Structures are given as C-alpha cells and as structure tokens.
Amino acid sequence: MSTYYKDTIKDALFPKKKGVITKRNKYLVPVEPESMSATEIKKLRDKLSLSVSVFASVMNVSPKTVEAWEAGTNEIGGSALRLLDMIKKNPDIILECGALDDKTALR
C-alpha cells in the first residue's frame, strides 16, 4: 500500500479541519456524486453491455433493485450512487477492481 494512500486515510480519519481531508498543505474536499435518473442508469448498463443480473452482481444488489432503479420506482443513493458515478467516469474500473473477470482471452 502506498504511503500517499495510508496518509490520506489517516488524514480522513483524523482531519485537521472539520469536513476537510488534509494532506501536506492540500485541502481535498469530497465531491458529492451527481444524481442519476432511471434513464441514465439504463443507458449506462446498456453502454457496458451488461444484463440486469450481471449489472446487479457488479453493484452487489439484487436484480429487482436494478429493475426498480431503471423503472424509477426506487431512487439510487448512498454508496451505490457513488459507485455508479465512478463507473460512469471510468467504465474499466469494474474490470480493474475485479468486479468482473474478462474471460474473452480464453476463447
């Protein structure tokens, strides 16, 4: 684990200023993820070419939850929204972090 990462976590747990993560005279302020509509969630899933069940597994939720997000029945929030925001900005993260295993090279 890198020193920068360890120091960032330490600063997050014991901030010098309330609500602000500090690191070597830098002030890092957490940015709230943008909310996503049902249509945006479905478009993201389609862009990733994932079925509802595989997308649900990546998000660690049930397929019914994904269906509810896409239907607009349930609003996405919290850590699921943060994760979707990260996936939207960097789709490769789901392969890089091991949430999906790319078996296409084995065919």
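This is a predicted model: local features need pLDDT of at least 70, side-chain atom pairs count only at pLDDT 80 or more; totals for chains, interfaces and linings use all residues.
How are helix 3 and helix 5 oriented to each other?

Residues are numbered from 1 along each chain as its sequence is written, and side-chain values use heavy atoms, with hydrogens and water left out.

**Exercise 1. Classify the packing of helix 3 against helix 5.**

Solution. 
- Step 1: take the geometry. The two helices pack at an angle of about 110 degrees, and their axes are 11 Å apart. Axes are lines fitted to C-alpha atoms, for helices over the stretch in contact; angles run from 0 to 180 degrees between N-to-C directions.
- Step 2: apply the classes. Under 35 degrees counts as roughly parallel, over 145 as roughly antiparallel, 65 to 115 as roughly perpendicular, and the rest as oblique. Helix 3 and helix 5 are therefore roughly perpendicular to each other.
- Step 3: list the residues. Helix 3 brings Phe-55, Val-58 and Met-59; helix 5 brings Ala-80, Leu-83, Leu-84 and Ile-87. Contact means heavy atoms within 4.5 Å.
- Step 4: sort them. Seven are nonpolar, none polar and none charged. Ala, Val, Leu, Ile, Met, Phe, Trp, Tyr, Cys and Pro count as nonpolar; Asp, Glu, Lys and Arg as charged; the others, Gly among them, as polar.

**Exercise 2. Find which residues of helix 2 are buried and which are exposed.**

Solution. 
- Step 1: the buried set is Ala-38, Ile-41, Leu-44 and Arg-45.
- Step 2: Down the axis of helix 2, the buried residues fall within an arc of 130 degrees, so they line one face of the helix. The arc is that of the directions from the helix axis to the C-beta atoms.
- Step 3: An α-helix has 3.6 residues a turn, so residues three or four places apart point the same way.
- Step 4: look at the other side. Thr-39, Lys-43 and Lys-47 are exposed there.
- Step 5: name the partners. The buried residues of helix 2 pack against helix 3, helix 4 and helix 5.
- Step 6: look past the end. Just after helix 2, Ser-49 takes a positive phi of about 60 degrees.

**Exercise 3. Classify the crossing of helix 2 and helix 4.**

Solution. 
- Step 1: the axes of helix 2 (residues 38–47) and helix 4 (residues 63–71) come within 6 Å and cross at roughly 125 degrees.
- Step 2: the two helices are therefore oblique to each other.
- Step 3: helix 2 contributes Ala-38, Ile-41, Lys-42 and Arg-45, and helix 4 contributes Val-66, Trp-69, Glu-70 and Ala-71.
- Step 4: these divide into five nonpolar, no polar and three charged.

**Exercise 4. Is the charged residue Arg-45 buried or exposed?**

Solution. 
- Step 1: Arg-45 lies in helix 2.
- Step 2: Arg-45 has a relative accessible area of 8%, so it is buried.
- Step 3: leaving aside neighbours within four places in sequence, Arg-45 is in contact with Leu-50, Ser-51, Val-52, Phe-55, Val-66 and Glu-70.

**Exercise 5. Is Asp-85 buried or exposed?**

Solution. 
- Step 1: Asp-85 sits in helix 5.
- Step 2: its relative accessibility is 7%, so Asp-85 counts as buried.
- Step 3: not counting residues up to four places away in sequence, Asp-85 touches Pro-33 and Glu-34.

**Exercise 6. Describe the burial of helix 3.**

Solution. 
- Step 1: in helix 3 (residues 52–59), Val-52, Phe-55, Ala-56, Val-58 and Met-59 are buried.
- Step 2: these fall within an arc of 160 degrees seen down the axis, so they line one face of helix 3.
- Step 3: their cover includes helix 2, helix 4, helix 5 (78–89) and helix 6 (93–96).

Conventions
Helices (H or I, at least four residues) and strands (E, at least two) are DSSP runs, numbered from the N terminus. Buried means under 20% relative accessible area, exposed over 50%, partly exposed in between (1.4 Å probe, protein chains only).
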